[in-house]
Amino acid sequence: MLHLIVFSVFGLVCAAGAVNLLVQRHPINSALSLVVVMGSLAVEYLLLGAEFVAAVQVIVYAGAIMVLFVFVIMLLNAGEEDRTKGSRVAMLFGIPGVLIGSVLVAWVLLERSGTGNVAVGALPGPPKVIGWLLFHDFLLPFEVTSVLVLIAIMGAVVLASHPGAVQQSTQSDKREG
Amino acid sequence: MSLGEFILVSIVKIVIAIGILLTAVAYTVWLERKVVGHIQNRWGPTRVGPFGLLQPLADGVKFIFKEDLLPPHVFKPLYIAAPMIALIFALTSISVIPIGNWITVFGIHTPLEITDVNIGLLVVLGITSLGVYGVALAGWSSNSKYSLLGGLRASAQMVSYEISLGLSLVGVLILAGSFSLRDIVDAQGGTFWGFIPRWNIFQGQIVAFFIYLMAAYAETNRVPFDLPEAETELVAGYHTEYSAMKFAMFFMAEYANMITVACLATLLFLGGWHGPLFGPPFLQAILPVFWFAIKIFAFLFLYIWVRGTLPRFRYDQLMAFGWKFLLPLAIANLVITALIVALRA
């Protein structure tokens, strides 16, 4: 019972954070709302008995990725955004579309797939179980994913340190100097 | 244990833990001023109480009665929240750190920590990784160039060194086979050949220990990695615009983080509360906590010694050192440890 109450409270916090993320006009407030979403998701994982996933969620998402988000916002010194009236197409089709879509997803999850209820501890929780799954049962997909991430990192490095761009900037520095 | 007992015991333990931590923070400041004073051929605080021992108390009272300025150019909500975030996460991380064995007080058998979780190490890392928000937001919300530069430096530095820090701990985890801090300490009991303790630092993790040491200095923004608050170029870095208790909160958070880092080093590399036990039963119950405190004191003393000795790095040196030296070294240490453990098994 206590579990259910805490779970619902953090579910509400998570949803409120997500709504706040969209409503806020200042990018740093939005980024911090996303941190709240990540944090409450971690609590939800914890309540389902997946303590390792919860810890990783906090360390990786809230503690590293979102810090970089905040870092970039600080670096670019992004100010408050202007509010536009929005497009009429989005109002006419977007909101009903989102409503229908979420009802559809909820219906499928609850009625059709049999995944409606997750008991506490039903998810693989302890680090040993997760390690076994990742490095034994799903070794190939795991390694393929890691290679994919590696390629993405290399791509980012190549894009960021484009040799032509470096030459150009040094030339322009010389001209200015 | 019934629910009422559980809540009562938890509250008592939380109050004691926070009390000890805040006292330790206050006296680490005193120790630092004393030791750095002697290194620089001065006396340090001497006026308030014997050996200046009441100086932290006087400082605390002063911080409380100072005027709390709110500069007009700041982004108010985050400016006020930032020191709270920094302090809250610094104090919370102590909650899963065990300082000794199980004890029995008034018939209640309980571990010497607020709560024993099986992913203790990850909890500490997670909480400390959130602490960077306090620094980053303080720098940004102050709306001043010194603070912004300090905040940017701090977040870049903390994110970079967190990787080496985490990787240096994995070797210990492989040896212990558990994330639980209590299990890790238990795995370090006993001795080799009767006199060398089986601490992880003597089990081949000495390189990892030094990686951890350097990454920890960078994580806590201490000399020689104190670029976020380098006073010769940035006034005071991210807390330039803060005064009175808000400044004191950053100050306390920094020292609380130092103590957390010292606790982790003791638990993971220096054998936790293990040490020679002797004497009557009462002494045997107290001694583990005493050994633990001695090791933390030694680690903190090293911190202060380094501060009194080394100059500050340049920022590009700091980043190059973290990414090009510490990180490859940590990965090499991890691979070698894993190989040895795999071959031994």
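Visitor: Which residues in α3(A) meet residues in α5(B), and which are their partners?

Guide: Please bear in mind that this is a predicted model. A packing of two helices is read by listing the residues on each side. On the α3(A) side they are A:Val67, A:Val70, A:Phe71 and A:Met74, and in α5(B) they meet B:Val132, B:Ala136 and B:Trp140. By class, this contact has seven nonpolar, no polar and no charged residues.

Visitor: How do α3(A) and α5(B) lie, roughly parallel or roughly antiparallel?

Guide: The crossing angle of the axes settles this. The axes of α3(A) and helix α5 (residues 132-141) of chain B come within 11 Å and cross at roughly 10 degrees. Angles under 35 degrees count as roughly parallel, and α3(A) and α5(B) are therefore roughly parallel to each other.

Visitor: How many residues does each chain bring to the contact between the chains?

Guide: Chain A supplies 16 residues and chain B supplies 17 residues. On the side of chain A that touches chain B, helix α3 (residues 51-76) of chain A gives the most, with 14 residues. That side of chain A comprises 14 nonpolar, one polar and one charged residues.

Visitor: Is the crossing of α1(A) and α2(A) left-handed or right-handed?

Guide: It is left-handed. The axes of helix α1 (residues 2-23) of chain A and helix α2 (residues 27-47) of chain A come within 8 Å and cross at roughly 160 degrees, which makes α1(A) roughly antiparallel to α2(A). The residues making this contact include A:Phe7 and A:Phe10 of α1(A) and A:Leu34 and A:Leu41 of α2(A).

Visitor: At what angle do α1 and α2 of chain B pack?

Guide: Helix α1 (residues 3-39) of chain B and helix α2 (residues 55-65) of chain B pack at about 110 degrees, with their axes 9 Å apart. α1(B) and α2(B) are therefore roughly perpendicular to each other, and their crossing is right-handed. The contact is formed by B:Ala26, B:Tyr27, B:Val29 and B:Trp30 of α1(B) with B:Gln55, B:Pro56 and B:Gly60 of α2(B). By class, five of these residues are nonpolar, two are polar and none is charged.

Key:
Residues numbered from 1 in each chain as written. Chains lettered and ligands numbered in written order. Predicted model: local features only at pLDDT ≥ 70, side-chain atom pairs only at ≥ 80, totals over all residues. Contact = placed C-beta atoms within 7 Å. Helix = DSSP H or I, 4+ residues; strand = E, 2+ residues; numbered from the N terminus. Nonpolar A, V, L, I, M, F, W, Y, C, P; charged D, E, K, R; others polar. Axes fitted to C-alpha atoms, helices over the stretch in contact; angles between N-to-C directions. Parallel < 35°, antiparallel > 145°, perpendicular 65-115°, else oblique. Left-handed = near helix turned anticlockwise from the far one by under 90°.
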